[in-house]
Amino acid sequence: MSDDVGVEQRKGVRKLFGSIVVDTRPLKIPAFRRLWLSTAVTAVGSQLTAVAVPKQVFDLTGSSAYVGLTGLVALVPLLVFGLWGGAIADAVDRRKLLLVTNVGVTVTSAVLWLQAFLNIGSVWLVLALLAVNQAFFAVNMPTRSAVVARLVPDNLIAPATALSSTMATFGAVFGPLLAGSLIPILGLSTLYLIDVVALTLTLIAVWKLPPIPPLGEITRRAGIRDIIDGFKYLATQKILLASFLLDIIAMVAGMPRALIPEMAERTFGDPPGGGPALGWLYAALPAGAMLIGLFSGWLTRIGKQGAGVIVSVCVWGAAIIGFGLANSLWLAVFFMALAGAADMVSAIYRMSILQVATTDEMRGRLQGVFTVVVAGGPRIADLTHGWAAAGVGTAAAASGGGVLVIVLVIGAALLIPSFWRYRAPVD
């Protein structure tokens, strides 16, 4: 009898563990597995560049306002090419589009390495290369996201989203930590070079994906009319509009990324050339997100996705307040990790809502809007937080943004009560 009890207990533990950890069923699909592996290869490399650009700008200028300017420079191509890229993704073979845009990102990253290696010292050249890099990225991101729903069935979209997000956050954790340790040893230009190598390897994985042409026999063009049609469709989808609005609030009002180079050096004692505080502060946000992603099985089984988004964004705002008021590095890291965990919960639900609630013929265009919101919001935050810090200091800029997030989210929830009641469709 005791052996039977022990067996049942072990089964119960395995069942509980399986319901908590990330759902790996989508990885059984070869095409999705290739796409996921391509994300894994570039996850660390891309984050090295994400650290290198603002660090190089701060080293050249000594100003958080200039670091914030990188957000504005990146925002313009994201707005233009994010929307247009979504329309293109609905009109052409998405695999071919991924290949073209990956080549573009790789080439611009190589030129970023060259200018840093030659020590040209022009902040405007760095900003110009960043703009070109982000133009290719803005087309690549909605295309990659729109591909997922063609590779996995609807009931596996939420687990596939969690897997992709978890791998992206894995790179966002270890990339900055690696950057903080490599800059004093190998120099900043090496970060760009590692990214180039990783991007080159990604091309091989994308090449092996199957063709992903548009569904149906109607040939569409990627013009202004198609982009407008995407916005008309979005205007009829109140739940999607609400999810975009909440993410804009969280990212624009509460993303203190542009403050990290200055805080690492002037608040937490990094040397001028870069050090561990820089790496830890950049890594903390995705570290919290990765932890949630690894144990996201329970999230994909909760139907109240609208309420989950609202609560998680409020937690994000509270954590950013704590980050701004933190008087020690490890306390700041803790609050940033908490913010990252909350953001991951919100992201999984928002991406799942978008994939399920959108038809395939509109999926690329809506992913383009999603790209503008997700990637563009932090760029606006870079600009506003950088300039705010120049006027009132980093602590006030960060914590004030967190307060604003909570106030605006509560207001949005009261104005759109249907989003709070939104539930995922039952399979």
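What is the volume of the second largest pocket? It is about 200 Å³. The model is predicted: local features need pLDDT of at least 70, side-chain atom pairs count only at pLDDT 80 or more, and totals for chains, interfaces and linings use all residues. Residues are numbered from 1 along each chain as its sequence is written, and side-chain values use heavy atoms, without hydrogens or water.

**View 1. Lining of the second largest pocket.** A pocket is an open set of points on a 1 Å grid over the protein atoms alone, where a 1.4 Å probe fits, with protein on both sides within 12 Å along at least five of seven lines; lining residues have an atom within 4 Å of a point. The lining holds 14 residues; Gln 56, Asp 59, Ala 116, Asn 119 and Leu 188 lie nearest the centre. Helices α2 (30–61), α4 and α6 (157–186) each supply at least two lining residues. The largest share, three residues, comes from α2.

**View 2. Helix α4 (residues 94–117) against helix α5 (residues 123–151).** The two pack at an angle of about 155°, with axes 9 Å apart. That makes α4 roughly antiparallel to α5 (angles over 145 degrees).

**View 3. Helix α9 (residues 238–254) against helix α12 (residues 305–325).** Their packing angle is about 5° and their axes are 10 Å apart. That makes α9 roughly parallel to α12 (angles under 35 degrees). Leu 246, Ala 250, Met 251 and Gly 254 of α9 meet Val 309, Ile 310, Val 313, Trp 316 and Ile 320 of α12 (heavy atoms within 4.5 Å).

Technical notes:
Axes fitted to C-alpha atoms, helices over the stretch in contact; angles between N-to-C directions. Helix = DSSP H or I, 4+ residues; strand = E, 2+ residues; numbered from the N terminus. Parallel < 35°, antiparallel > 145°, perpendicular 65-115°, else oblique. Points joined across faces, edges and corners; volume = space filled by probe spheres on them.
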